[in-house]
Amino acid sequence: MNTITSFLEKVNNARQLDFGSIFSEAIELYKKTWVQGFLLQVFTIVIMLPLIIVLYIPLIGLMVAQQDSGYNDQEALNTFLGGMSLIYILFVVIGVFVLGTLSLALQASFFRIIKRMDHNEVVSTSDFFHYIKGKHLSKAFVLMLISIGIVIPSALLCYIPLIYTMVPVSYFMLIFAFNPEFSTGEIVKASFKIGTKKWGITIALFIVSYVCVMVISMITCGLGSLFLQAFLWHPIYLIYKKVVGFDETTNAIEEIGTSVE
């Protein structure tokens, strides 16, 4: 089990990483985890579906009514938007935060799945919900708020600070997944430490991976993104693995109910 002190020491003493080696390893690891990556996208869509329905069904109903009448009534649209109640808006905002927290918990669980498959351990569908528990969800919620509090001001400042902050923020769920005992403050501190130390290789791997995913997605008319989107998380997992590594001592409580090959 890492402490924040040992974590920071490992980052400070980390050796130089090779871009080509990590990218190649990410591809090989993805060959093991692509099914789980696809399931991650499916579960994320299912989680977000209620919010999509709440947001768009009223608008779709309004559009259908306008088409039936044979013309577009801009006044009717303005009246509809102006008539949205405070309760409805509050419900949508709460829904965004709740479902966003669940999505982040799924992402943390996926990092754990990647690690288990990388170590040739057996995984099951239930592993996707490992961090969807009260004690973990509250921490994921706070991390989401911190992410928003960092990203929005960074974007407002002509996007230049966002180029830097997007890398440490991308490590939030990764650090949380493998160090759930860390406080939220320690997770943020650790993420900025490793994100700053390995900023160059992280952003380079992300850009190349993202371009590859986008190109294949366009070629497959968007279908490929369902299978390839999760590949974006593999390079930063490998950076963490090479910089910090994993405690070989198995947490017996956490592993109850799981089997190892």
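**Salt bridges and overall architecture**

Let us start with E25 and K242, whose side chains meet in a salt bridge with an N to O distance of 3.1 Å. The term salt bridge here denotes a side-chain nitrogen of Lys or Arg within 4 Å of a carboxyl oxygen of Asp or Glu. Because E25 lies in helix α2 (residues 19–69) and K242 in helix α11 (residues 234–243), the pair ties together parts that are 217 residues apart in sequence. Helices are DSSP runs of H or I with at least four residues, strands are runs of E with at least two, and both are numbered from the N terminus.

Before I proceed, a word on provenance: this is a predicted model, in which local features need pLDDT of at least 70 and side-chain atom pairs count only at pLDDT 80 or more, while totals for chains, interfaces and linings use all residues. Residues are numbered from 1 along each chain as its sequence is written, and side-chain values use heavy atoms, with hydrogens and water left out.

How accessible are the two partners? E25 has 28% relative accessibility and counts as partly exposed; K242, at 24%, also counts as partly exposed. For these classes, buried means under 20% relative accessible area, exposed means over 50%, and partly exposed lies in between, with a 1.4 Å probe and protein chains only.

I turn now to R112 and D127, which form a salt bridge whose closest N and O atoms are 3.4 Å apart. This pair links distant parts of the chain: R112 belongs to helix α4 (residues 86–118), and D127 to the loop between α4 and α5 (134–156), 15 residues apart. Are R112 and D127 buried or exposed? Both are buried.

A further salt bridge joins R116 to E121, with the closest N and O atoms 3.1 Å apart. R116 is buried, its relative accessible area being 2%, and E121 is buried at 19%.

Finally, the chain as a whole. Its secondary structure comprises eleven helices and zero strands. Of the 261 residues, 39% are buried. Among contacts (heavy atoms within 4.5 Å) with a separation of 6 or more, 78% are between residues 24 or more positions apart. The accessible surface, from the Shrake-Rupley method with a 1.4 Å probe, comes to about 14,000 Å², of which 70% belongs to carbon and sulfur atoms.
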